[in-house]
Amino acid sequence: MKEAETQNMRSNYHEYTQNKSGRLGKRLTAVLIAGSFMLFSSMGAQAAEITLTVGTSWNDKFPMKAMLQDVLKPKLEELSEGRLSLEIHMAKSLCSENTCVEQVKFGQTDIGTASVSNYGGFHKTYEILTLPYLFNSDADAERVLESFLFDELDQISIARDKMKVLAIVPLLGFRHLQTNVGEIKTPSDLKGVKIRVTKSPLDGALLRAWGAVATPIPWAETYDAVQQKVVRGLYIQNPVHAMMKFHEVSEHVTLTGGAWTPMVIFMDLKRFNGLPDWARKAIDTAASDLRSKAFKIDAEYMVNMGAENTARVNYYQPTDKEMEQWRSAATRSWLVGNKLKLYDRALARRILETQDGLGSMIEELKKIGAL
């Protein structure tokens, strides 16, 4: 065989083996791509393994939106690697303040939110948080909850109420007194004035202790009632006062403080315990993350929501001596809570003792039998 023909045969054989190897490589690549697609498809299917529904009455303008949609939901999805997701229903689209607890208890909703006052219609464990002047500030409330109070109330709730509370979060700070009767400096200025209150026994007791005529009115009717002077004011958080345009009908605000306004985010204990171990761990960790961020979120909303009210209302900041009058009068409302067994006296005393400057209040509460 001639040398040229031999080289030609070698060249043809080399080209054949290269083409064959190339076709084999392409086939292997195709198989790998298909296998990867099937693997990722399988993983994608797990993303919808468990979907929890969440119902809240608050709309997008309030901090509950950020807490649920920007913190709890993404954290749960991250910790569960996409196997657990939240379906959030805002603005009463799934349940209202008065129905969220009931729907969670009956398994119609997985997670609900409610103010302590509305939650208290079913379970009293968290009523202690609304005792007037229990906390000096939001910072104190956060510190006490984080150090021991949340865990203690959670254990009581699990044992007694059969509820799993994921978080206690603030709702725009403390309530203050808003009226249309002129400047209110001390409780004596409030004597005989009709003030709208909620159905909470502590809410009514506080306003009566200050000398007002406590008048329960549904929230939806409150603006008209104040405008028409059926009542002459209300007792709500200043950012809510601004958001709901109450400055138009109650332009005087006395910075009394007093009632802190917490929200409870909760699940039915049986529903929680029925979840896989990995899901419960993800929920617990995500809820802890929410609790660590909730006060900062709330503070940012308070600044943004209340800023526009500054030029539209007349604020009055009581002097230290005047504040003592508001605090002293408020202690009498604790007797109502004590009579209704809304709080544990030893626990309430411990909460007060962990904060600075409340010694005289503790002594007064002991003197009247509220501690």
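Which helix supplies the largest share of the lining of the second largest pocket? In this predicted model, local features need pLDDT of at least 70 and side-chain atom pairs count only at pLDDT 80 or more, whereas totals for chains, interfaces and linings use all residues. Residues are numbered from 1 along each chain as its sequence is written, and side-chain values use heavy atoms, with hydrogens and water left out.

The largest share of the lining of the second largest pocket comes from H5, with five residues. A pocket is defined on a 1 Å grid over the protein atoms alone, as an open set of points with protein on both sides within 12 Å along at least five of seven lines; lining residues have an atom within 4 Å of a point. Grid points are joined across faces, edges and corners, and a volume is the space filled by probe spheres set on the points. Helices (H or I, at least four residues) and strands (E, at least two) are DSSP runs, numbered from the N terminus. The second largest pocket has a volume of about 210 Å³. Its lining consists of Glu142, Leu145, Glu146, Phe150, Asp151, Ile168, Ser288, Arg291, Ser292 and Phe295. Two or more of these residues come from each of helix H5 (138-161) and helix H10 (277-306). By type, four lining residues are nonpolar, two polar and four charged. In this division, Ala, Val, Leu, Ile, Met, Phe, Trp, Tyr, Cys and Pro count as nonpolar, Asp, Glu, Lys and Arg as charged, and the others, Gly among them, as polar.

The largest pocket has a volume of about 1100 Å³. It is lined by 38 residues, of which Glu97, Asn118, Arg196, Thr198 and Trp219 are the closest to its centre. Two or more lining residues come from each of helix H4 (116-119), strand E4 (163-179), strand E5 (194-197), helix H7 (219-227), strand E7 (233-237), helix H8 (238-243) and strand E9 (260-268). E7 gives the most to this lining, with three residues. The lining of the largest pocket holds 17 nonpolar, 13 polar and eight charged residues.

A cavity is a set of grid points where a 1.4 Å probe fits but cannot get out. One cavity of 30 Å³ or more is counted by this rule, and about 140 Å³ of space lies in the largest cavity. Among the 14 residues that line the largest cavity, Ser117, Thr130, Arg175, Ala259 and Trp260 are the closest to its centre. At least two lining residues are supplied by each of H4, helix H6 (201-209) and E9. Seven residues of the cavity lining are nonpolar, five polar and two charged.

A nonpolar core is a set of buried Ala, Val, Leu, Ile, Met, Phe, Trp, Tyr and Cys residues joined through side-chain atoms within 4.5 Å. Buried means under 20% relative accessible area, exposed over 50%, and partly exposed in between (1.4 Å probe, protein chains only). The largest nonpolar core has 60 residues, and Leu207 and Trp334 touch the most other members. H5 gives the largest share of this core, seven residues. Leaving aside residues up to four places away in sequence, Leu207 touches Leu177, Leu190, Ile195, Val197, Ala212, Ala214 and Tyr235; contact here means heavy atoms within 4.5 Å. A second, separate core of 46 residues includes Trp58, Val226, Met267 and Ala287.

Side chains of opposite charge can pair when their charged atoms come close. The structure holds 15 salt bridges, each a side-chain nitrogen of Lys or Arg within 4 Å of a carboxyl oxygen of Asp or Glu. One of them joins the side chains of Arg83 and Glu49 (3.1 Å, N to O). Arg83 lies in the loop between helix H2 (63-79) and strand E2 (84-89) and Glu49 in the loop between helix H1 (3-46) and strand E1 (50-55), so this pair ties together parts that are 34 residues apart in sequence. Arg83 is partly exposed, at a relative accessible area of 24%, and Glu49 is partly exposed at 38%.

A salt bridge also joins the side chains of Asp284 and Lys164 (3.2 Å, N to O). Because Asp284 lies in helix H10 and Lys164 in strand E4, the pair ties together parts that are 120 residues apart in sequence. Asp284 is partly exposed, at 35% relative accessibility, whereas Lys164 is buried, at 10%.
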